[in-house]
Amino acid sequence: MTHPVLSIRDLSVEIPTRHGVVRPVDGVSYDIAAGEILGVVGESGAGKSMAGNAVIGLLTPPAHISTGEIWLNGQRIDQLTGDAMRRLRGKEIGMVFQDPLTSLNPLLRIGDQLTETMLTHLPISRSEAEKRAVAALDEVGIPGAAERVNSYPHEFSGGMRQRVVIALALCAEPSLIIADEPTTALDVSVQAQIIALLRRLCRDRGTAVMLITHDMGVIAEATDRVAVMYAGRLAELGPVRDVLTHPQHPYTHGLMASTPLASQGKSRLHQIPGAMPRLDAVPEGCAFHPRCPYATDKCRQPPVPRVTDGQAACWYPLVDEKVI
Amino acid sequence: MLAYIIRRIGQSALVLLIVGLVAFSMFRFVGDPIDNMLGQERTAEDIDRLRAQLGLDQPFVVQYFKFLEGAVQGNFGVSYRQGRPVAEILLERAPATLELAAVSGILAILFGIALGVFTAIRRDGVLANFIMSASLIGVSLPTFLIGILLIYLFSVELGWLPSFGRGETVDLGGWSTGFLTESGLKALILPSITLGLYQMTLIMRLVRSEMLEVLRQDYIRFARARGLRDRAVNFRHALKNTMVPVITVIGLQLGAIIAFAIITETVFQWPGVGLLFINAIQFVDIPVMAAYLMLISVMFVGINLLVDILYFFIDPRLRADRSGGH
Amino acid sequence: MRRSIQLAVILAALAPAAQAEDFMWAVNTDPQTMDPHAVNSTPVLGFLNNVYEGLVRRGKDMTVEPALATSWEPIGEGEGWRFILREGVTFHDGAEFTAEDVLFSYQRASDEASDTRSWFAPVSEVVVVDDYTVDFMTTAPNPIFPGSIANWMIMDSGWAEVNDATLPDKENGNYATLNTNGTGAFKVTAREPGLRTVLEPFEGWWGEVEHNITRAELTPIQNPATALAALLSGDVDFINPVPIQDVARLKENPDVEVIQGIEARVIMLGFPHEADTLKYSSETTDANPFADVRVRQAVAHAINVPAILQTIMRGNAEAVSQLVSAAMQGYVPELEARPAYDQDRARELLAEAGYPDGFSFGLKCPNNRYLNDEAVCQAITGMLAQVGLNATLDAMPVQNYWPELRADNYDMFLLGWSPGTFDAEHPIRFLAATPNEELRVGSWNFGGYSNARVDELLPLIQSEIDPVARQAMIDETAKILQDEMAYVPMYVQPLVWGIRNNIELTQRPDDFFILRWVTVN
Amino acid sequence: MSDFPIPSAPKSRYRRAVESDLFYTFKRSPVAMVSAAVVLILVLAAVFAPLIAPTNPFDPSSLNLMNGFTPPMAPNAFTGDTFLLGTDDQGRDVFSTILYGMRISLFVGVAAVFLAMVLGITLGLISGYVGGWTETIIMRTADVQLTFPSILVAMLIFGIAKGVTPVEYRDQMAIWVLILAIGLSDWVQFARVVRGATLVEKNKEYVQAARLIGRTPGAIMLRHILPNVLSPVLVIATISLALAIIAEATLSFLGVGAPPTQPSLGTLIRIGQGFLFSGEWWILLFPAVTLLALALSVNLLGDWLRDALNPRLR
């Protein structure tokens with residue numbers, strides 16, 4: 001039996017604040033298989049990045065995992081201690097951040113940053129690491145990689161830097177990549193290239209990818225499956241084609257409708273009334289109910305609807321006809 | 001780079017000239033040197049004669065340019081008080097101040113950076129918080145009082161360390177050093193703590209806040225996300241970036257150390273240029289005051305320049321900006 | 001080779017310095033020059049008294065005693081003084097001391113470039129009679145002449161010429177500024193201005209050695225607390241001065257001893273006798289109340305001198321009623337009584353003078369010249385305020401103070417005066433005589449006090465040889481000054497030295513520290 | 001952290017939130033609360049000194065010299081008077097002197113910081129907003145000022161002021177000169193921070209928009225940019241206050257401080273250190289402890305404020 005590369009079970013992250021405990025990630029479960037790209041989508045504050053940070057063990061205190069389990073390649077990792085977790089980072093889980101301009105240490109040559117990462121995780125010599133660094137840069141499409149290893153980050157353009165970041169994330173050959181809004185800070189013309197690069201590299205290596213984004217275009221283009229998050233909870237989870245074309249959750253539906261891509265040909269964009277609740281004021285029951293045109297009393301009180309097999313977290317999932 | 005340095009020196013020189021002029025205009029308010037040069041039984045005629053001899057009857061602008069004329073040729077005049085060339089006196093006194101400043105500076109930098117890094121990494125630790133609060137005591141009392149209290153405790157009550165002076169010094173080709181004798185080293189302890197404490201606190205707090213700032217940066221998170229060891233993250237990545245702004249301040253603090261040496265040297269009767277300056281004020285020894293201010297200014301300009309050049313080596317971004325020319 | 005020399009130097013420095021009779025002492029002011037004729041100040045002359053010698057010197061009780069002259073006598077009816085010189089005396093460099101050196105030193109010390117020329121104002125001519133006899137001719141009979149030149153030091157003429165130091169040079173300095181060649185009991189072996197000065201006994205000294213010092217080192221320490229700490233911790237053997245407030249505590253300390261004497265310096269208040277108006281008054285702007293003797297007397301009555309002595313001076317000073325202390329020649333015992341502390345009397349006098357409600361004015365005061373000068377002025381401010389004299393106190397460092405006084409920027413000022421000649425004539429000449437450039441009198445009489453009878457008496461006092469007649473004239477002058485309250489003398493500043501308990505020494509009232517009277521046990 | 005809720009509510013609500021956050025962290029920090037209490041007590045004591053102090057130490061006519069050197073809580077040997085914290089060499093009640101001295105120290109400190117703040121903010125705003133030659137001149141002056149040690153600047157100003165002040169006013173001059181000297185040697189860090197923030201804010205859309213609709217530069221600087229730099233300025237001001245109080249003490253050691261007839265805490269310490277060895281420990285100890293408590297509390301508050309507001313301090 002093959003394990004999924006990553007398996008998240010009922011994961012919750014809590015932050016104690018003076019207004020009580022807030023839960024930016026609340027009972028989230030999903031798997032990612034080898035070579036699969038899972039898109040995690042949602043508005044700002046929906047808990048997408050927080051879940052990613054929880055997986056790689058970089059939650060900023062006082063945020064912490066309160067319940068749930070995280071399994072990586074059959075090993076439970078949410079309870080690992082500091083150093084054991086550190087060994088996993090980079091080696092088993094790579095991460096790509098949003099802004100390539102700030103992700104690279106401005107004072108170190110990119111070659112040094114690459115070799116440093118490899119030497120930390122791989123039993124290779126320095127000269128071997130230097131060789132691999134050039135190869136890694138070459139692989140992500142940096143022209144003249146042999147010379148460019150000695151360059152400093154500021155000598156690259158934004159797109160090139162994101163390629164360097166990807167090379168860094170992949171250089172110790174992890175089995176999972178968490179890409180947190182990897183294209184948001186880039187020019188539109190470069191975005192597609194980076195997505196294509198990420199996709200190609202992961203397909204080639206069989207790396208699982210958690211692609212966190214709020215951009216439905218990226219989702220449509222790159223992912224195999226998609227998880228929609230709202231107010232820390234999973235709203236809907238399914239193959240990208242199903243979710244995009246037959247959204248079951250009214251929120252997903254609204255999200256699709258408000259995206260130019262999904263509303264091709266329509267003259268005006270749909271808008272979801274209201275705003276996502278603040279995390280310290282998540283309403284009872286279904287968190288989406290104040291904005292949902294279909295909400296009933298059932299939605300307004302506990303229990304909270306959860307995603308089940310092939311079923312969105314909604315008491316009244318939409319059927320096809322309701323798509324505008 | 002060279003053009004930049006030359007421009008910097010040019011600007012600084014202009015500023016120095018202005019500072020010098022302001023300083024010179026101040027001298028006549030410091031007091032009148034004549035009374036210290038003449039005894040109890042002087043007459044009004046003696047006073048006028050001596051004043052004319054010293055050129056003090058001329059407008060201060062004229063005095064200033066005369067001073068500049070000499071200074072350019074390395075001649076700072078003759079001390080009213082000691083009747084010796086000022087340059088000679090300054091050279092004689094400089095080693096004491098420089099050694100004191102060096103020891104205090106090194107203490108301040110070493111402990112300041114170490115404690116700053118520690119308190120930043122252990123941000124919420126009990127010990128770190130205690131160090132942060134305790135360090136404020138050092139900057140909440142005036143330096144002179146700290147010095148006097150140290151003397152009281154370690155010299156008078158405990159008798160461990162000398163209460164004043166430099167101890168035995170050894171002359172190494174014109175440079176008198178206190179580093180080579182036991183009494184010289186002992187004599188350094190209290191003054192360098194007194195002088196370095198304030199700067200250490202400043203450096204420590206600055207390093208801490210800069211480090212905290214850096215630790216929140218994406219590239220640090222990225223470095224952690226790559227599984228780099230804490231030591232590599234904290235020192236190789238974070239500390240190096242922390243040092244960029246810290247170096248400027250350290251440079252300025254080195255200057256401040258030399259200036260604050262005035263107080264420490266007075267309290268410990270440390271025979272350096274600071275004490276010389278205070279004595280010069282007391283006796284209205286204008287040539288010494290002028291030369292001291294010039295020396296300090298030149299030193300600061302030098303330190304500033306050095307800091308800039310150091311920047312250049314630490315931060316590759318600047319290298320690109322500046323070598324690119326304007 | 002070079003390295004080995006350096007190593008030797010280092011080793012020598014690391015080796016413990018010679019023990020035994022090393023004597024370390026600290027003063028608050030470094031002697032600013034080693035030239036005995038360049039600066040006339042106590043720190044310089046006091047220090048150089050150990051290195052250079054004069055024809056006469058003062059003993060432990062300030063009496064004039066033979067030094068380089070073995071005897072002296074007046075010439076004729078007061079035309080001058082004849083000095084018989086000591087034979088067989090050599091300078092530190094081995095040169096022999098003769099009358100030539102005396103003549104040379106006279107010329108050097110009386111030159112315009114010298115700060116000591118006023119000592120020789122009465123001298124018309126110096127005649128070398130033979131190698132060991134010198135005559136000093138004076139313009140008028142001068143009974144106190146030998147005593148007045150006790151601090152005049154003899155320099156070797158040959159040494160001065162060879163080293164191009166025939167005249168003192170205050171502005172630029174010369175060889176004699178840093179180097180010495182006297183006949184005294186000690187020679188300077190190292191001189192670092194402002195840092196330390198090292199003395200060693202002169203083997204060839206003519207006198208009988210009383211001390212047991214093998215090496216002595218002087219360090220200036222300005223901060224009083226640091227100096228005291230140095231004494232308490234044993235880093236130095238002797239400090240001068242001891243802050244007055246620490247005397248009582250030091251006396252309890254078994255490791256140190258306090259030596260206390262009365263200094264010659266009288267602390268007094270001065271007035272702007274000549275001014276037309278007050279400078280710092282908020283309401284009395286059209287008159288100068290201090291021109292009225294009753295106001296000056298009111299001031300004298302308003303000041304509680306015993307309280308100042310009790311608290312600020314901690315019982316270490318004595319009240320005084322005239323411009324010289326009782327230890328000086330010419331002191332007038334009959335005038336010993338000070339105006340009593342009497343606030344009612346003070347108010348009465350003010351009312352009589354037309355100021356029943358008092359007035360406001362400015363009091364200038366130095367803050368680093370006399371013992372606790374600032375505290376004394378503060379206290380005076382309070383006392384005067386209690387009788388309606390509201391002083392605004394402006395205390396400043398002495399380098400700003402004298403220019404202020406010279407510019408007449410005061411309504412009242414504090415002054416200390418120590419007669420260099422130890423004679424009552426000295427303050428009359430400098431403080432009481434009407435200022436006169438030509439006669440070289442009244443040069444410290446800032447307030448321009450003027451009394452015809454005093455001006456008349458001064459030259460007579462100076463030339464009177466008969467001690468009784470002279471004293472009568474001094475008595476008369478002192479009476480005038482006290483009646484007119486030209487100054488308000490308050491107390492004589494104490495002299496407080498601190499020593500480690502293994503030291504024995506003698507304190508002289510002129511604050512000169514004589515190293516040859518020191519014994520280290 | 002990109003998906004943490006950042007309220008996009010109007011500015012006033014944001015400000016309110018910041019303030020209530022401040023209050024919240026304040027309540028959770030015992031150090032901050034104790035420091036604030038100490039500062040409050042000391043400031044109130046200083047402000048109401050004339051009401052609290054048993055005597056007025058600045059009134060020379062009320063002093064009895066015979067009360068000098070009375071130990072705390074013990075009757076004077078001559079007058080029988082008793083003083084809570086003893087008396088100094090002038091017979092002044094140490095407790096009253098501390099209260100009045102603190103008034104001067106605080107006044108000098110606050111006024112100097114205020115001067116530095118106004119000067120620094122103005123010059124910082126101008127140099128950041130206007131740029132060009134104006135900026136070069138201002139910031140170069142700031143560099144020089146930074147390189148020149150503050151105590152020398154202070155002594156320089158003191159010297160000049162002494163010379164140019166008319167003789168009649170020289171007595172009241174000392175305090176104003178202290179303010180000027182400390183303030184002038186302290187404006188640079190305000191200017192630097194404000195300039196940096198101005199450079200950032202100036203290019204933000206709302207400022208661009210304000211410019212487009214024809215707001216004057218002055219109005220833009222005051223209405224839009226200034227509010228954004230206030231929290232770092234507040235932190236610097238707090239820490240500067242502590243430094244200014246200490247600087248005043250240091251200057252009085254060098255003889256350029258408040259006059260002894262109207263002593264500040266620094267002057268009291270300078271006077272008191274003369275009695276360290278003589279046994280009258282109370283003349284030094286009480287003012288020193290007061291100064292320590294004051295400066296330390298202000299420092300701790302500043303420290304807490306810095307962490308609470310977490311501004312980028314440069």
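Is Asn73(A) buried, partly exposed or exposed? Asn73(A) is partly exposed, because 17 other C-beta atoms lie within 10 Å. The cut-offs are these: a residue is buried if 20 or more other C-beta atoms lie within 10 Å of its own, exposed if 12 or fewer, and partly exposed in between, with C-beta atoms placed from the backbone.

Before the next stop, some ground rules. This is a predicted model, in which local features need pLDDT of at least 70, side-chain atom pairs count only at pLDDT 80 or more, and totals for chains, interfaces and linings use all residues. Residues are numbered from 1 along each chain as its sequence is written, while chains are lettered from A and ligands numbered from 1 in the order in which they are written.

**Stop 1: Asn73(A)**

Stay on Asn73(A). Its phi is positive, about 50 degrees, although it is not a glycine. The residue sits in the loop between β4 (64–72) and β5 (75–76) of chain A. Helices (H or I, at least four residues) and strands (E, at least two) are DSSP runs, numbered from the N terminus.

**Stop 2: all of chain A**

Select chain A. It has 11 helices and 10 strands. Its radius of gyration is 20 Å, close to the 20 Å that the globule rule gives for 324 residues, so chain A is as compact as a globular protein of that length. That radius is taken over C-alpha atoms, and the rule is 2.2 Å times the number of residues to the power 0.38. The C-alpha trace spans about 65 × 45 × 45 Å along its principal axes. Of the 324 residues, 48% count as buried.

Contacts tell another part of the story. Two residues are in contact if their C-beta atoms, placed from the backbone, lie within 7 Å. Among contacts in chain A between residues at least 6 apart in sequence, 65% join residues at least 24 apart.

**Stop 3: a sheet in chain A**

Colour the strands of chain A. Look for an open sheet of 6 strands, in the order β6-β7-β8-β3-β9-β10, with mixed pairing. Two strands pair if DSSP finds at least two bridges between them. At the edges stand β6 (93–96) and β10 (233–239) of chain A; each has a single partner strand, so one side of each is left without a neighbour in the sheet. From one strand to the next the twist averages 15 degrees. For such angles, axes are lines fitted to C-alpha atoms, for helices over the stretch in contact, and angles run from 0 to 180 degrees between N-to-C directions.

β6(A) pairs with β7 (residues 176–180) of chain A in the parallel sense, over 4 bridges. Select Ile93(A): its bridge partner in β7(A) is Leu176(A).

**Stop 4: all of chain C**

Now show chain C. No contact joins chain A and chain C, and their closest C-alpha atoms lie 44 Å apart. Chain C has 16 helices and 19 strands. Its C-alpha atoms fill a box of roughly 85 × 60 × 40 Å, taken along the principal axes. Of its 521 residues, 55% count as buried.

Colour by pLDDT, the predictor's confidence in each residue, from 0 to 100. The mean for chain C is 87, and 96% of its residues reach 70 or more. Over residues 1–19 of chain C the pLDDT is below 50; this stretch has 13 contacts in the model beyond near neighbours in sequence. Where pLDDT is low, the predicted coordinates should not be read in detail.

**Stop 5: two loops in chain C**

Select Pro241(C), in the loop between β11 (238–240) and α8 (247–252) of chain C. The peptide bond from Asn240(C) to Pro241(C) is cis, with omega near 0 degrees.

Then go to Met485(C), in the loop between α16 (467–484) and β17 (488–500) of chain C. Met485(C) is not a glycine, yet its phi is positive, near 50 degrees. It counts as buried because it has 21 C-beta neighbours inside 10 Å.

**Stop 6: where chains B and C meet**

Show chains B and C together. Of the 5 pairs of chains that touch, this pair has the most contacts. Here 47 residues of chain B are in contact with 41 residues of chain C. The largest share of chain B's side, 5 residues, comes from α7(B).

Finish at Gln82(B), in the loop between α4 (60–72) and α5 (86–121) of chain B. Gln82(B) is buried, with 25 C-beta neighbours inside 10 Å. Beyond its neighbours within four places in sequence, Gln82(B) is in contact with Ile89(B), Gln32(C), Gly173(C) and Pro193(C).
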